[in-house]
Every structure is written in C-alpha cells, then in structure tokens.
Amino acid sequence: MVAVRVPAALLIVFFLPTFSATDLYPKAQNVTWKSTNFKTILSWEPKPSADYSYTVEFSTVSGGKQRTPHCIRSSGTVCDLSNSLTDLRANYVADVLSEPPLGVTSDIIEPPYTSSPQFCPYKDTEIGRPDFKLEVSGDKKKTTLYVTDPLTAVFKDGRQLNIRDIFSDELQYKVTYRRNKSTGKKVLISKTNEIELTDLDRGESYCFNVQAYIPSRVGDKQLGELSHTQCSKDDNQSIFEMYSVGVIAAAIFLILLLIGIIIAVTVVCCKRRNKALKSGKEGMPLNDV
C-alpha cells in the first residue's frame, strides 16, 4: 500500500476554522417600516458592537439601489427615509447591510444584509389624528364640525403639504357621534372638511370623534387615528351635571361663611349701638320734681 504524504501546510489550512462574513458582521433582524403622515422611519435590531456597523440601501421594485448619507456605516438602528422616498406611489424595499465600522476597510465583496417588506408611502403610511372645531348654531338646529387636515412630512415648492394636498378627493372623514352619556353610536361619512349634522335633538349634548377615511386603501389602512373627543353643551344640564361636587360644596361653604360674617357684623353693631344708648341715658341729669 502506497502512503500518500500531504504537505503540512495544506493540513493546517484544511483544519483551520473558517469564518464567513455573517460571523464577522451579524445580520440585522426585525427590519420594519414605521410611517405616519409620510414621516417614514426604517428600524431594525440589534444595536451593533464596536466591530461592525449598518448601511441602508433602498430602491423601488424596478429601480436601482440608493443610499442616504446619514445611514451609511452607522451605529444606529433607525434610518429616516422621509425625504428619500420621493415617489409616494412607488413600492420600496430597503436592505440593511452589516459592514465594518466607519474608517475600517474590508475585503468582503457582498456584506450580509436583511431586506425589509415592501412599502408604499401612498398606501401604507398611517394618517394621524385630525383636529376639529365644534360649533352649534344659535337656534340649536345645526351642529357643524370644522376639520383641519393633518400636516405631512412632504414639502413642495417650500410649502409643507397636508393630507388633502396628497390624497385630494380620495380623502374623506368618518364622524362617529353619540348622545352624551349614551353608548349608542351613529356614523357619518363626509367628503368635505365642513361637516353639518341636522338630525340631533335640540338642546341635548352630543360627543364627536373624527378620523380620516381613504376608501381606496385596503383593510385597516383605510382609517386614520381617532381624534380626541369633543362634546357640545347640554342646555338642560342640572347644576350637579355642570359642576363637580367639590365646586358646589366650596360655593355653599363660601355662601354660609358670608352669611355668618354678615350676622356677626350685625350683632356687633347692634351691641355697640345699645351700649352707646345705655351710656347716654346714664349720663343725663335727673329731672326736678
């Protein structure tokens, strides 16, 4: 049997542990989009050690990859892409690359990376809560809500756009309302920012919530964040409904205190008057018989 001699150098190379790029630079995990009113943030985990960093590349499904300067060789785990996703109707994908720290060179041609889900700003950004002003007509027959369109992170020609500027006629508002202290709710859909309600009971208090509604979207993306609740005044409210128990008790206490002071002052004045009259009578000379 012929023995085959293997050079020692080859044996050393063969048995040496092999390291992949992933071992040196771990992949990012949980790459997700978070977007509200077109303020779009890409986030991921974990925070890198001092031995590596992250770089974000993004592209449309059919376009070339791009980078944004503040997300290259970064130690952070978020990247603001609001100003980079200029085509709001496009579908984007972002890759988070694991690379050497800033200033360190490497021979790795293709660094490890993790891709995000697809994201379309126009279809996927969440719409924040709107503000609105509540006004009841003098004859109590009409209640009007004046809704303010939320501002977005998009600028055009130096002007900050609101959601109406972007969605145009696709934007509607859903109004949910109920009689105060009642659980039954009614819903009204409006295509305008000035919403009139004329089917309310006159003099009664009603509570309202407003949220953006975009019917062209799918599923839970159709509705925006619910506004704060606003209620109209109730003309038939009792004093106990209008004011808290503490306020009423304080008012009663002040009234009783004021009455007590008036009584005390009156008593003191009467005593002084009687004393003065008595002193005057004692000082008068006796009449001759």
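Hi everyone, thanks for coming. Please keep in mind throughout that we are looking at a prediction.

Let me start with the inside. How many cavities of 30 Å³ or more does the model have? The count comes to one. The space in the largest cavity is about 30 Å³. Which residues line the largest cavity? As for where the lining comes from, two strands, β3 (53-60) and β5 (78-80), each give at least two residues. The largest share belongs to β3, with three residues.

The peptide bond that runs from E45 to P46 is cis, and its omega is near -10°. You will find P46 in the loop between β2 (39-45) and β3.

Next come two residues with positive phi. N37 is not a glycine, yet its phi is positive, near 50°. Look for N37 in the loop that links β1 (29-36) with β2. Is N37 buried or exposed? Its relative accessible area is 12%, and the cut-off for buried is under 20%, so N37 is buried.

The other one is D157, also not a glycine, with a positive phi of about 55°. D157 sits in the loop between β10 (151-156) and β11 (159-162). Here the relative accessibility is 77%, and since exposed means over 50%, D157 counts as exposed. So we have a buried N37 and an exposed D157, with a positive phi in N37 and in D157.

Last stop: S35. This serine is part of strand β1. With a relative accessibility of 4%, S35 falls under the 20% limit and therefore counts as buried. What does the side chain of S35 meet? There is a polar contact of 2.7 Å between the side chains of S35 and T125. Leaving aside residues up to four places away in sequence, S35 touches T40, F119, T125 and E126.

Definitions and conventions:
Residues numbered from 1 in each chain as written. Predicted model: local features only at pLDDT ≥ 70, side-chain atom pairs only at ≥ 80, totals over all residues. Heavy atoms only, no water. 1 Å grid on protein atoms, 1.4 Å probe; cavity = no way out; pocket = protein on both sides within 12 Å on 5 of 7 lines; lining within 4 Å. Points joined across faces, edges and corners; volume = space filled by probe spheres on them. Helix = DSSP H or I, 4+ residues; strand = E, 2+ residues; numbered from the N terminus. Buried < 20%, exposed > 50% of the residue type's maximum accessible area, 1.4 Å probe, protein only. Polar contact = N/O pair within 3.5 Å; in protein donor to acceptor, adjacent residues only side chain to side chain. Contact = heavy atoms within 4.5 Å.
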